[in-house]
Amino acid sequence: MGVALSRAVQWVSGSEDKLEDTPLNEAILSEIVLFTEEFSAKHPEEAKLVFTEPLQWKTCLNAFDFDTEYDISGESVMSRESNKDGHPLLHLDPPDITVYTFYHLSTLLQLTEVKKIKEVQACLEANRNPIMKILGSISAIAKEGDLLMEIKEDEPSERNELKMNLLNILNQLDTKLLNTAVTQITREGRLSPTAVDIEVDELKRFCGTGESRALKSVRYTSDYVFSNGCRSSPWRQMDGEICSLIIETCDTEPTMFITCTTTGVFLDEEVKGEAGENAYREKSDVYNDLFTLLKNKSLHFAEAVREQDSAIHDVPSKEIQHMETVDGEKTGQTLRSQDRREKTAPEKSRQQLVQNRPGSKMKKFEPSLKWKNLGLTSPYEKVEEKRSVRSGESKKVLAYCTNSPASENKKRANFSESSLPGCRSSQKIKTPGGADDFFESSSEGEEDEEQPDRRAETTTNLPTEYWQIQKLVKYLKGANQTATVIVLCALRDFNLVQETCQLAIRDVGGLEVLINLLDTDEIRSKIGSLKILKEISSNSQIRQAIADLGGLQTMVSILDSPDKDLKCLAAETIANVARFRRARWTVRQHGGIKRLVGLLDCVPDGVSLSREQERDVEVARCGALALWSCSKSTKNKEAIRLAGGIPLLARLLKSPQKNMLIPVVGTLQECASEMSYRIAIQTEGMIKDLVKNLSCDNQELQMHCASAIFKCAEDKRTRDLVRQYSGLKPLVVLLNEAENKQLLAATTGAIWKCSISMENVAKFQEYKALETLVALLKDQPEEVLVNVVGALGECAQIPENLATIRKSGGIQPLVNLLTGTNQALLINVTRAVGACATDPENMTIIDRLDGVRLLWSLLKNPNPEVQASAAWAICPCIENAKDAGEMVRSFVGGLELIVNLLKSTNKDVLASVCAAIAKIAKDVENLAVITDHGVVPMLASLTNTVDDKLRRHLAEAIAHCCTWGNNCVLFGNAVAPLVRYLRSKDPSVHQATARALFELSKDPSNCVTMHEHGVVKLLLVMIGSTDEVLQEAAASCVANIRHLALANEKAKYG
Amino acid sequence: MSAMNKKLIQNLAEALCKQFKHFNTEEAECLIRLFNDLLEEQSERRAAHGLDRVKFRNILHNTFDMTDDMMMDRVFRSFDKDNDSYVSVKEWVQGLSVLLRGTLDEKIKHCFDVYDLNGDGYISREEMFHMLKDSLIRQPTEEDPDEGVKDLVEIALKKMDYDHDGRVSYADFKKAVRDENLLLEAFGNCLPDAKTIQVFEGRVFQKSNELH
């Protein structure tokens, strides 16, 4: 917090105690608000630590804002606790406020309804060094070792520990704030981490062992790279620092410590010299890039670099080139850094430079930042290097080119348009044929030149293959059928799995030719072409290109061919290409799905297949592969179904061949996300085959089967079928394959969904699945955990399993998972913990692990499903915990939090919260607190709902809340809607409502309202119910009404 | 006469279909009839010997869509087992059994015979060059217009010459084609494609069905 406050926050210039109104400040402030508000809930111990000095500021709060926790006398407010000197921990004397603990800060912010940020801002403006005030002088020292010693001297150890904790927490906040700030600031950066990285890579090439090396070594001080690409620690990144480098040159002593910042690079004092944040100092002036800095600092380096490019490198021209850019575009940045450099650059090296560059005047020229930001450094430097390696002859050529004014102009023109083609063209010169070559090559289009350039980067070690492929493709363009086949066969002899070859084919225009061949009548050319396309389409770039060139349309039409080999190849290639959305769309648009489904029609399981039938099976397999790829789009799933694919898939599912089953089951499980497929899988009898294949020896197939069952078992009938075909045991067996996480995720998913049926749970008990599942609660990826916890949650609905989970040690890992962030996981975990809490022994463990507090914190989760699930889980916890009332009160702000959830618009959240409130209200003190938080009007306002689940829990909550103070009277306007609940069809609503009405009938005016709304007749029916609780409540309510009537008559006539 | 002729044809058909397994008697009969029909179109003088080169090439061109002169000549040679410059009825049925229904090995043999121009049992570089010389569009800009073809020959040789003796033996050819079926007609079109076969068989054999 300290660093963030002193550096990140932007203060109004000139005034030391006013914060600027910027997005960055706002982000930081709201971060602090959030932190402080949650502080007392997250760290209750630390929250009570009394500050060394109070935080004082002018607040806009007044006495009315404070609640009963504080002593309010007139305008001033005081907390009941006070520090050892007798000062109250919170003291408000408007507008001045003094606070001593985080607890009160938290409460204060919670009380502040609207102007939280204002409050924090006022506080920070008044307390420029809050850490100092909170923790005393220790916080000035960042090193924790020192800190520890210093505290130990004068304070009790318990307090020390708290202080340490608090400091840690604050440091965490600090880092977080800095990260917030850094992301904002780096966006404005001028020298980017990538640019530095590229340059460092370049420099590394100059390092070597020989005499000719320019540098000894280049390395980063830190190998850790932050997500934004910087290597410096966050608080240094605040200053725009990117990384620090240690460079050993051949002549300077000892080594150079260089800091790269967004504004430039500079030498600094030795890093290790001092402690603290300001350990480095700018020793030199700031340069725009490392090259320039090194050239200035190390004569040897400058010499070596110059030597390398002296013959070929027209230094003046280049410099002028850059100079122009700089002059033309003078950004504030370049100016500033140049000015600085001008002032302080060591005279000697400058003169050196000047001597060596007669063309340049007294000013030193460097690549401008604009040039650098275009990302040109690296290609250009590479060009330089390559040039230097080339033969003397080619050097001469280049020298000639660059010296002739025409070529210079040309080159410069290229640079100013877009420097890239210029670089490339110069790189392309390889034949010593004179200047004409240069002109010719540089006038070629960028398209053609781009490829060799890129290829050179990726395949420097394999240039021959590229040229060979280029030659073959050239032949292919002018070949008759016979030659075409020979060339295609030769192309296939390349290693087409290798990306080099794949891209080479594309880059030399081979894809166009191959796809054109598909449009001819020559079957052999088509087959040859498809065989290549099938291989190279394993590459995503090739897939895109094939789709762009319209290859899919042709391949779809080939599916109609009578030649089975051709059909197979086309389908397999489609399977490869249709891995992205647009390709799948194209396949569907051109009627591909229907044709592919048509391929599935074969007899897969004949005892002895003829050769033709075997080929049909192969065609079907390829068709299934293609459909598998296509089925990742929802509309394709529908198209497959409409084309009659489901019965065909069902038939193929009976195939004994695994290579057939994998695509078939793969397609099915992909499609099982659709309701129509789930029904079809059940009705076409596919569950049996899926279950059968769970026991095969191929993990991929097992995974798809389990995954299909996972998706289908939402349906009860399917779950029963899985059990009937004895699929539960193989699932449990598959749990042992803990190494294959995908398989494990599918298996646990299937077990989860299957365990929704209680009969299945009984089977799982028999197979001891619970113990295995509990063991899987640790060290698993989230997708597995979600399913495992889901399964445990379902199993825990049976009481005897609760003990099993406890005995196999499942409670602790479950409670630990409550701190996670995965929403799906949280929903399942809360459900499982809630189920476990129904057992008192489990509850003891949960309580000990502070599980209820964790559940309660989840009420703050933004996801309503998590909120609801957490609230449901809280109900059994309150019911079964010892001293539940005390426990609930101990959650600071907890009751207010849950009452406020009644403002939610989500029905399930409301129902769950009502249920929880019903439990909370059983404790009178808590009932008093929630009444203060306004629970009564909130509940009353919900009564108009028609949702039976909500009605039931709402009625229960009302019934329990009636017992405090005059709540019963306050519920007056809820009476009429409640009477209507009695007409609901749900008997559980009746019971809860009758109890609520009985409580409400203790107030005479409520009785009148009830009577007016015809409650007696309805209650009389209820009295006849078999449910005794309902009977009693209804009867008692009628009795109350009757008493009132009698008393009334008595008053009138007696 | 006609009855006599019919009897003769039947006997011949039975004999031939035993010898060359791919046809049944009826089919063989149809082919013999077709042969006789074609023979009648020729002038009387040569009819005794069988189909001459010109007639046969016409058939290959019109019926089996072959276009390359050299290949058609070579196919004629391959049919004409006894080298008398005429395709006899026996050679006709034998040849067609390979062309229409041959196994892969039979086709390999056929193609090899076609490509082995001088009949020495090897396909040499020169023979390949000869067969491929028109297979690439010539680039007038290039110094050596034949460079591409030469290159193609080397490519083919690299793919097929397993024993590295600079020429393709029958064993080499067989191995190469078995590895990659596409190489069967590596040096020129000398087999009818599936569609042509279907049309031809439909025409010839169906006519027989109608007759009987």
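Predicted model: local features only at pLDDT ≥ 70, side-chain atom pairs only at ≥ 80, totals over all residues.
Let me start with chain A. This chain has 63 helices and 9 strands, and of its 1054 residues 54% count as buried. If we take the contacts in chain A between residues at least 6 apart in sequence, 68% of them join residues at least 24 apart. The accessible surface of the chain comes to about 47,100 Å², and 50% of that surface belongs to carbon and sulfur atoms.

As an example of a helix inside chain A, please find α38, which covers residues 686–694. Why can we call helix α38 of chain A largely enclosed by the rest of the structure? The reason is that 7 of its 9 residues are buried, and among them are A:M686, A:I687, A:L690 and A:L694, together with A:D689 and A:N693. What do these buried residues pack against? Their partners are α35 (645–652), α36 (658–671), α37 (675–683), α39 (699–712), α40 (716–724) and α41 (728–734) of chain A.

With a relative accessible area of 65%, A:D697 is exposed, while A:K658 is partly exposed at 33%.

A second salt bridge in chain A joins the side chains of A:D839 and A:R806, at 3.0 Å from N to O. Here A:D839 lies in the loop between α48 and α49 (840–848), and A:R806 lies in helix α46 (residues 799–807), so the pair ties together parts that are 33 residues apart in sequence. To judge their surroundings we need one cut-off, namely that buried means under 20% relative accessible area. A:D839 has a value of 16% and is therefore buried, and A:R806, with a relative accessible area of 16%, is buried as well. Elsewhere in chain A, the residues A:K564, A:D565, A:E612, A:R615 and A:D616 are linked in a network of salt bridges, and over all chains the structure holds 46 salt bridges.

Now let us turn to the place where the chains meet. The contact takes 21 residues from chain B and 20 residues from chain A, and the two chains bury about 1,700 Å² between them, with 62% of it on carbon and sulfur atoms. On the side of chain B, the residues that lose the most area to chain A are B:I155, B:K159 and B:L182, which together account for 32% of what that side buries.

Across this interface the rule finds 4 salt bridges, as well as 7 residue pairs in polar contact. Helix α9 (residues 147–160) of chain B gives the most to the side that touches chain A, with 7 residues, and by class that side has 10 nonpolar, 4 polar and 7 charged residues.

Which residue of chain B forms a salt bridge with A:D493? The partner is B:K159, and the closest N and O atoms are 2.7 Å apart. This pair crosses between chains, from the loop between α24 (481–492) and α25 (499–507) of chain A to helix α9 of chain B. A:D493 counts as exposed, at 51% relative accessibility, whereas B:K159 is buried, with a relative accessible area of 18%.

Most residues other than glycine have a negative phi. B:N83, however, has a positive phi near 60 degrees, and this residue is found in the loop between α5 (69–79) and β2 (86–87) of chain B. B:H164, which is not a glycine either, has a positive phi of about 55 degrees and is placed in the loop between α9 and β4 (168–169) of chain B. Are these residues buried or exposed? B:N83 counts as exposed at 55% relative accessibility, and B:H164 counts as exposed at 68%.

Terms used: Residues numbered from 1 in each chain as written. Chains lettered and ligands numbered in written order. Heavy atoms only, no water. Helix = DSSP H or I, 4+ residues; strand = E, 2+ residues; numbered from the N terminus. Buried < 20%, exposed > 50% of the residue type's maximum accessible area, 1.4 Å probe, protein only. Contact = heavy atoms within 4.5 Å. Areas by Shrake-Rupley, 256 points an atom, 1.4 Å probe, with all protein chains shown as cover. Buried area = accessible area lost by both parts, 1.4 Å probe. Polar contact = N/O pair within 3.5 Å; in protein donor to acceptor, adjacent residues only side chain to side chain. Nonpolar A, V, L, I, M, F, W, Y, C, P; charged D, E, K, R; others polar.
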